[in-house]
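Me: Please go through the pockets and the ligand site of this model, and say on what grounds each label rests.
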Amino acid sequence: MSETGSPNLKPVADLNENEARRELAQLAMDIAYHDARYHKEDAPEITDAEYDRLRHRNEEIEARFPDLVRKDSPTFRVGGGLKSGFGKIKHVRPMLSLGNAFSDEDVAEFVARVRRFLGLEGSEDVEILAEPKIDGLSASLRYENGRLVYAATRGDGTEGEDITANMKTLKDVPHVLKGAPEVLEVRGEVYMRKDEFLALNERQESAGNKVFANPRNAAAGSLRQLDPNITASRPLHFFGYAWGDVSAPLGATQAEARERLAELGFSLNHPAKLCVSVEEVIEYYRMVDHQRATLEFDIDGVVYKVNRLDWQERLGQVSRAPRWAIAHKFAAEKAETIIEAITVQVGRTGKLTPVANLKPVTVGGVTVSRATLHNEDEIARLGVKEGDTVRIQRAGDVIPQVLEVVTDGGGAPYAFPSACPECGSDVERAEGEVDWRCTGGLICRAQAVERLKHFVSRDAFDIEGLGTKSIEEFWHDGLIRHPADIFALKAENLNGKEGWKDKSITNLLDAIRDRTEIPLDRFIYALGIRHIGQTTAKLLARSYGSYTAWENAMHAVSAERKANPDEHKKPELIGTHYAELVGIDTVGMTAADSLAAFFGEEHNIDVLASLAAVLTVTDVETPSTEGSPVAGKTVVFTGTLEKMSRGEAKARAESLGAKVSGSVSKKTDYVVVGADAGSKAKKAAELGVAMLSEDDWLAMIQAS
Ligand code: AMP
Ligand code: ZN
């Protein structure tokens with residue numbers, strides 16, 4: 001390697017243009033090389049500090065010679081991926097699409113075509129492997145010598161996007177394979193389970209973030225995140241059902257290959273069945289269609305694949321689909337019913353959502369009595385009124401949607417309420433937004449109750465024993481109207497209340513007392529400010545450090561915004577505090593405006609004051625590491641960790657003052673060995689470095 005990282009370089013100010021050009025080219029190469037060593041091979045050659053010095057040098061030169069910034073400049077890349085989008089990966093073998101069958105006849109024709117093409121005798125059976133068609137996104141994982149080297153989306157089939165960093169965060173994606181062919185591309189589907197999708201949407205909703213229409217969109221949105229930490233926080237799974245480039249066959253048949261994939265550690269899509277006749281295939285289709293509603297994941301059909309791989313080879317492909325496979329799609333789950341009423345729900349942030357209350361009807365085995373109408377514009381677009389007969393569909397299997405009006409019930413056009421149905425306050429719809437909102441804030445029962453639920457939820461104050469029902473009840477009794485009331489609860493308030501025994505009262509009061517000390521990030525998140533989800537709350541807490549610093553800054557931001565309500569592009573023109581806020585990583589003007597609005601409301605300030613009076617909000621831990629058993633130690637993680645991702649393991653170790661290194665040397669204090677660890681574990685053994693299992697490690701740092 002060149003000497004670009006060495007400290008005795010010419011000062012940037014002294015470089016001429018030619019020298020700068022040459023050095024930028026060298027730096028681009030070197031940094032790309034080290035990125036690959038670190039991210040793809042897990043084997044860095046230089047320390048993090050040396051690496052940072054390279055990047056810093058590159059930035060300095062670019063700042064002085066902006067015209068020389070290269071297309072492949074490292075500043076556009078974060079680690080493995082591209083910052084301003086994803087890198088591209090050309091598939092060694094194209095990722096194909098599938099032909100479709102919609103009827104039993106289509107299926108029979110598919111099998112007949114296969115027989116004709118292969119010139120089979122009437123007596124010879126064509127075995128068909130039938131399996132569910134997962135409604136997710138396909139991805140290809142390339143392993144070389146048993147190591148995951150990259151992952152890509154299907155893209156246009158020829159070229160996909162580099163999603164390596166993100167795919168590595170999935171539990172179902174092994175980083176290392178034992179006993180795999182030298183080259184193996186495993187293909188399959190990234191998906192989100194239905195229950196996890198609903199829970200994610202609930203979290204998104206309560207954080208004032210975007211909700212997803214169906215599990216497929218949620219999976220796609222979660223995978224296509226530039227920050228792999230976000231992907232890691234989403235419940236994504238992967239089924240392996242196919243392969244691309246392989247250096248040795250996985251078996252003689254599709255069924256054998258599936259078995260091999262399972263042995264290598266991949267999850268398979270079930271139920272699958274080996275069939276020998278069209279009748280059996282159709283029977284399988286009916287069975288799966290019947291089970292569809294009870295499956296954990298969404299499917300949009302089943303796929304039939306000719307079982308023998310030598311036959312697959314001979315059959316080849318036509319245009320973009322293989323001749324040896326076909327997708328048998330399910331009919332969309334639709335039904336017709338009457339809208340008995342249109343009601344409006346009020347959410348935590350005051351958002352009014354119109355809901356169609358339906359005459360109950362079964363759609364694909366599930367009884368549906370409500371469907372969302374999303375917003376006023378959607379009602380207008382559909383032209384729905386109470387009393388109309390409508391066609392509904394369970395989109396992506398989960399949330400029922402109104403597709404269209406079938407028969408006009410003759411009722412009056414629906415008028416969106418001009419007052420909140422919960423509290424009677426005015427409603428408003430801001431320019432450029434589709435939603436109406438109640439302006440009642442905390443005097444609105446619906447909003448207040450939803451906010452309280454959010455306040456005590458798992459990622460906020462996490463007060464066990466204070467469930468939805470209790471909150472609604474306590475609200476009703478006037479016992480808890482504001483968050484601070486929670487901390488004033490006494491045993492005598494609860495004595496004699498239905499369902500409350502001495503034990504449960506003590507438990508609840510203990511749980512509440514436990515939470516009178518709360519980290520700043522949880523506190524901010526708990527306030528339920530629109531657009532301030534967990535990630536943003538963490539960023540704010542980390543940037544401002546203490547409650548007082550944050551509060552002061554937010555008051556200043558609010559004042560600056562009030563004085564400059566019309567600037568919508570340049571934060572600097574609004575004020576220095578405002579600009580500083582927007583300058584924090586991913587905090588944008590939407591979040592900043594929301595904070596400004598929150599701090600501009602007197603009742604919010606009251607809530608904060610009353611909470612501050614009873615709580616101790618603790619500063620965010622900066623890596624002060626007194627008493628940490630691993631402070632100053634050098635740690636190497638190797639192999640596949642089960643309980644946490646690499647990224648999380650590294651972050652935690654660093655927050656405890658440890659130095660995380662990518663390679664084992666005599667200076668290494670601990671090597672934490674996950675499953676299927678390779679050369680690093682061997683080297684550690686040779687050097688006599690202490691080796692810990694993942695559990696040992698966790699036990700050790702837990703002790704701190
Ligand atoms: P389509 O998107 O309708 O062209 O269908 C082809 C896609 O189905 C493939 O690209 C895969 O992403 C997806 N798929 C889902 N499950 C399976 C499966 N079991 N076998 C093959 N493809 C599948
Ligand atoms: Zn209201």
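Me: How much space lies in the second largest pocket?
Reply: The model is predicted, and in it the second largest pocket holds about 1,900 Å³ of space. Of its 50 lining residues, Asn201, Glu202, Glu205, Ser206 and Val211 are the closest to the centre.

Me: What makes a residue part of the lining of the second largest pocket, and which element gives the largest share?
Reply: A lining residue has an atom within 4 Å of a pocket point. The largest share, seven residues, comes from α5. Elements that each supply at least two residues include α5 (194-206), β16 (334-346) and α12 (445-456).

Me: How do the residues of that lining divide?
Reply: They divide into 17 nonpolar, 17 polar and 16 charged.

Me: Why is the pair between Lys305 and ligand 1 called a polar contact?
Reply: A polar side-chain atom of Lys305 lies 2.9 Å from a nitrogen atom of ligand 1. The limit for N or O pairs is 3.5 Å, so the pair counts as a polar contact. Asn269 also qualifies, with a side-chain N or O atom 3.1 Å from a nitrogen atom of the ligand.

Me: Which residues around ligand 1 come nearest, and which strand gives the most to the shell?
Reply: Of the 15 residues around the ligand, Ser97, Glu131, Arg154, Glu189 and Lys305 come nearest. β5 gives the most, with four residues. The shell divides into six nonpolar, three polar and six charged residues.

Key:
Residues numbered from 1 in each chain as written. Chains lettered and ligands numbered in written order. Predicted model: local features only at pLDDT ≥ 70, side-chain atom pairs only at ≥ 80, totals over all residues. Heavy atoms only, no water. Near = heavy atom within 4 Å. Polar contact = N/O pair within 3.5 Å; in protein donor to acceptor, adjacent residues only side chain to side chain. Nonpolar A, V, L, I, M, F, W, Y, C, P; charged D, E, K, R; others polar. 1 Å grid on protein atoms, 1.4 Å probe; cavity = no way out; pocket = protein on both sides within 12 Å on 5 of 7 lines; lining within 4 Å. Points joined across faces, edges and corners; volume = space filled by probe spheres on them.
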